Amino acid sequence: MRLLAVLIRKEFLQIRRDKAILRMIFILPIVQLMVLGYAANVDLENVPITFLDQDRTAASRALAEAFLATSTFIPGPAADSPAQLQGHLDHDRTDVTVWIPKGYARDIASGKPVPLGLSVDGINSSSAGKAAGYASRIIAQEAQRLGAEQGREPRGPRITVASRFFYNPELRSRVFMVPGILVILVTIVSAMLTGMAVVREKEIGTLEQLMVTPLKAGHLVAGKVLPFAILSYVTLAVSTTLGVVWFRLPVNGSLFLLAGAMAAYLLVTLGVGLLASTVSSTQQQAMFTVWFFLIFGILMSGFFYPVANMPSWARMLTYANPMRYIMTIVRGLFIKGSGAGDLWPQMAALLAIGVTVFSAAVHNFSKRTD
């Protein structure tokens, strides 16, 4: 027992002397709890909805106002034609569209069946199902209200809704989740293994031996990051093949564009791994440092919860999260067949973050090796 007590005391002394571990134990969990406690919100809120009102009557306007009176839906871009309505859905400008045909008010007044067109972006099957359910409920409530005003039976006029789910018509959750998992796998291989590999060189003393050779810092960086960049592409290729063959993941976009977007993202992840190696003394420290940023990246990227569900201050933080952009790019390429014209804002933001992070990592690594 005495030996055990000595060992326990020794471990506590080591922890107390290691400021990095103390920060991980006491500060980082509190920060994660405070931020993610708000960001991890599964309630359906702030869903953009667009109306094509071809009736333009008080009754049709009342239906639109019924949607916007809730906290679930917010106004999307206006649409003047069916093609424009579909375009807003295709280009991620709205998530739900409602087509109100001409003669809506007249058919309501005469008690005839009223057809409505409801289209939902079905990429996120969980959110799409909820949005369609909320929309159908609002339509039914509006029908009851109009029926009561006209003195009809409680069920009111018959409004039939023709619902369509685009891009993921079967609402299979795997179609939404598998592209996100591909991003996480590439992140782990490129960021975590890069950081641990460099620190391992420190631990066994070979990094110091490399520093006294004629090799420059740039050669050392390239020799460390390129193998993991290649491994990341191998991981992406194997995972994509498995996703397509086993999970029946659709590939509607360009794989060359996917490779280019992943190159920009690897600048971020390899840079994070390199930065973690310069501030860590052991592989465990490097692993936990990368894991901390990985947890933030995943939960604030839209992988589980839509970014629109987060409070405004949390949404502002996600603009600095590179995983948010690569998630949008990968899902858009696989599921929607998005092109460079649709994804250039995400590509530009990802490239800017990648160049900044990787440049900082190389500069910091060079200072440590000088």
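Let me start with accessibility: buried means under 20% relative accessible area, exposed over 50%, and partly exposed in between, with a 1.4 Å probe and protein chains only. By that rule Arg248 is exposed, with a relative accessible area of 53%.

Now the ground rules. This is a predicted model, where local features need pLDDT of at least 70, side-chain atom pairs count only at pLDDT 80 or more, and totals for chains, interfaces and linings use all residues. Residues are numbered from 1 along each chain as its sequence is written, and side-chain values use heavy atoms, with hydrogens and water left out.

Overall picture. The protein chain has 14 helices and five strands. These are DSSP runs, numbered from the N terminus: helices are H or I with at least four residues, strands are E with at least two. Of 370 residues, 46% count as buried. Contact here means heavy atoms within 4.5 Å. Take the contacts with a separation of 6 or more: 77% of them join residues 24 or more positions apart.

Back to Arg248. It sits in the loop between H9 and H10. Most residues other than glycine have a negative phi. Asp92 also has a positive phi, about 60°, and is not a glycine. Asp92 is in the loop between H4 and S3. At 44% relative accessibility, Asp92 counts as partly exposed.

Next, Thr94. Thr94 lies in the loop between helix H4 (82–90) and strand S3 (96–100). Buried or exposed? Thr94 is buried, at 0% relative accessible area. A polar atom of the Thr94 side chain lies 3.2 Å from the backbone oxygen of Val96. Beyond four places in sequence, Thr94 touches Pro48, Ile49, Thr50, Pro77, His88 and Leu89.

Pockets now. A pocket is an open set of points on a 1 Å grid over the protein atoms alone, with protein on both sides within 12 Å along at least five of seven lines; lining residues have an atom within 4 Å of a point. The largest pocket holds about 1,200 Å³ of space. Volume is the space filled by probe spheres set on the points, which are joined across faces, edges and corners. Of its 43 lining residues, Asp92, Asp95, Val307, Ala308 and Thr328 are the closest to the centre. H13 gives the most to that lining, with seven residues. The lining divides into 20 nonpolar, 13 polar and 10 charged. Nonpolar covers Ala, Val, Leu, Ile, Met, Phe, Trp, Tyr, Cys and Pro; charged covers Asp, Glu, Lys and Arg; the others, Gly among them, are polar.

The second largest pocket has about 560 Å³. Its lining has 23 residues, with Phe293, Gly297, Ala320, Asn321 and Pro322 nearest the centre. They divide into 17 nonpolar, six polar and no charged.

Last, the cores. A nonpolar core is a set of buried Ala, Val, Leu, Ile, Met, Phe, Trp, Tyr and Cys residues joined through side-chain atoms within 4.5 Å. Which members of the largest core touch the most others? Of its 50 residues, they are Met262, Met323 and Ile326. H10 gives the most to this core, with 10 residues. Leaving aside neighbours within four places, Met262 is in contact with Val186, Tyr233, Leu236, Ile326 and Val330. A second, separate core has 25 residues, including Leu63, Leu118, Ala131 and Ile138.

Conventions: Polar contact = N/O pair within 3.5 Å; in protein donor to acceptor, adjacent residues only side chain to side chain. 1 Å grid on protein atoms, 1.4 Å probe; cavity = no way out; pocket = protein on both sides within 12 Å on 5 of 7 lines; lining within 4 Å.
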